[in-house]
Amino acid sequence: MEVKMAVGEVYRVSGPLVVAEGLKARMYDVCRVGEEGLMGEVVGLVGDKVLIQVYEDTSGIRPGDKVENTGMPLSVELGPGLLKSIYDGIQRPLPVLKDASGDFIGRGIHAPGLDRKTKWEFTPTVKKGEKVSGGDIIGTVPETEIVEHRILVPPRVNGVITEIYEGSFTVDETVAVLDNGTELKLYHTWPVRESRPFREKLPPVVPLITGQRILDTLFPVAKGGTAAIPGPFGSGKTVTQHQLAKWSDTQIVVYIGCGERGNEMTEVLEEFPELEDPRTGKPLMERTVLIANTSNMPVAAREASVYTGMTIAEYFRDMGYDVGLMADSTSRWAEAMREISGRLEEMPGEEGYPAYLASRLAEFYERAGRVRTLSGSIGSVTVIGAVSPPGGDFSEPVTQNTLRIVKVFWALDAKLAARRHFPAINWLQSYSLYADTLNEWFVENVASDWSELRTWAMEVLQEEASLQEIVQLVGSDALPESQRLLLEVARLIREVYLQQYAYHPVDTYCDPKKQYDLLKAIKEVNDMFFKALEAGKLVDEIINVPGKEEFARAKFEENYKEVLEKAVETMKKALLG
């Protein structure tokens, strides 16, 4: 059915903001501006004027130019072909735009989000006469070698199947017909600013296993949870997100490069296709959707990009998959909001950000969750947002408002990065509000004393921090012997356990069982050290005990257990006889 467009004309232009008159419109309607049909979205209605934020460069647009209202909100196409794709902020495929206009995106170019020529092999899972409703799975398509795409009935659609076909189809072709005449295709559209419906939200009781020791042990995140990684330039935000994309036990990755510098985004676009999925040996792109919106792209499209990414993530969640959504960085998104708010002449809030900054951030993060989908399966969207506070200042509005919403805070520290301690996550500033609710899972699936070990490690690190001031003033030799030993145990926790090498073939990933074994061994060494001190051994003799070097290297070995046991035995013999 062809949408009849309402037509008005440009009244005023202010950067990406176009004011139109004589146009009938609702909030968030998509409009086409000027002869080139630049895409924009209604963001305000003032009297008889319509305020439109345009997703493309508006130079050359002048008063009197034509404005058409499509009458539809900004929507994304959801169907086979999403995986392995690289989109801009409004779901235009970048490779297609490149073919159409060269290295620089031309204005007014429109390209559908899904390829209309590719044929997909559709296998029905329902039969004629079956009743279906929104969210039900009617068939499958092998989208990539590692992901089966489940074709969903669009939400709010229901009826009885009167026709269903098997075979090869493009996304535009009809694969099923309902008794009310509705034709079902391999894809459907969904407005990006509206969260997709589900049956119920489930409690966050299953951890997202990342394989990164400091995250899983000290600051775990739940599947369907929310986490923020704030940190200054060069502290390792992007590498941490790469590790999470590669190793966390999610089945689908949606990566939003929101307003990052062009060279950083280029690195991501070059590296992601080369990353190998460790579980299947296939390229990681086989289960990834990339949304690239660099800082030199139009600011309004940056504001839309996080909603585009979230809607795609929710779609895969509705199929019953666990999805990891990486947003890098929400600070740039907030800056886009600030710029548009300034153009709209709204009253500025703290540091010039709009007064609704907190509610927009909350709206975004609240779409995360582990849910029972409309079809009855369980899926999740875990949101991990990088924050880039200017100068690493965590007191600025975006970081502070994010902290009020998210349950996990991984604080990256420039000083740790300068000392080459990676991941550079500050264990004294970071926290996880999921630790207690996830404890039961770790006790059942890893070890009964997981919580006690975690608490012990945190206590040692906190005690070390309180002793550091004294050490800096008078040196460690002035401390009592027991405190000198404690500092040595804290060093073992930091260097053997918390430090992890992303580019080492063995140490890049550490499963929960290995994490437990390593920490348990450090606790055993701690007990041995203090027993030896009580038996009259000198501190220097204990600290320089033979076997300690081998103990520290055990995490790099495939047969780490044997190496640990051998090293602990050597130390025991030397200290306790």
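1. In strand β6, D29 has P73 as its bridge partner, and the strands concerned, β3 (residues 29–33) and β6 (residues 66–73), run antiparallel and are joined by 4 bridges. Two strands are said to pair if DSSP finds at least two bridges between them, while helices (H or I, at least four residues) and strands (E, at least two) are DSSP runs numbered from the N terminus.

2. This is a predicted model, in which local features need pLDDT of at least 70 and side-chain atom pairs count only at pLDDT 80 or more, although totals for chains, interfaces and linings use all residues. Residues are numbered from 1 along each chain as its sequence is written, and side-chain values use heavy atoms, with hydrogens and water left out.

3. The mean pLDDT (the predictor's confidence in each residue, from 0 to 100) of the chain is 92, and 99% of its residues reach 70 or more.

4. Helices α12 (residues 481–498) and α13 (residues 512–534) pack with their axes 10 Å apart, at an angle of about 165°, where axes are lines fitted to C-alpha atoms, for helices over the stretch in contact, and angles run from 0 to 180 degrees between N-to-C directions. The two helices, α12 and α13, are therefore roughly antiparallel to each other, a label used for angles over 145 degrees.

Technical notes: Angles under 35 degrees count as roughly parallel, over 145 as roughly antiparallel, 65 to 115 as roughly perpendicular and the rest as oblique.
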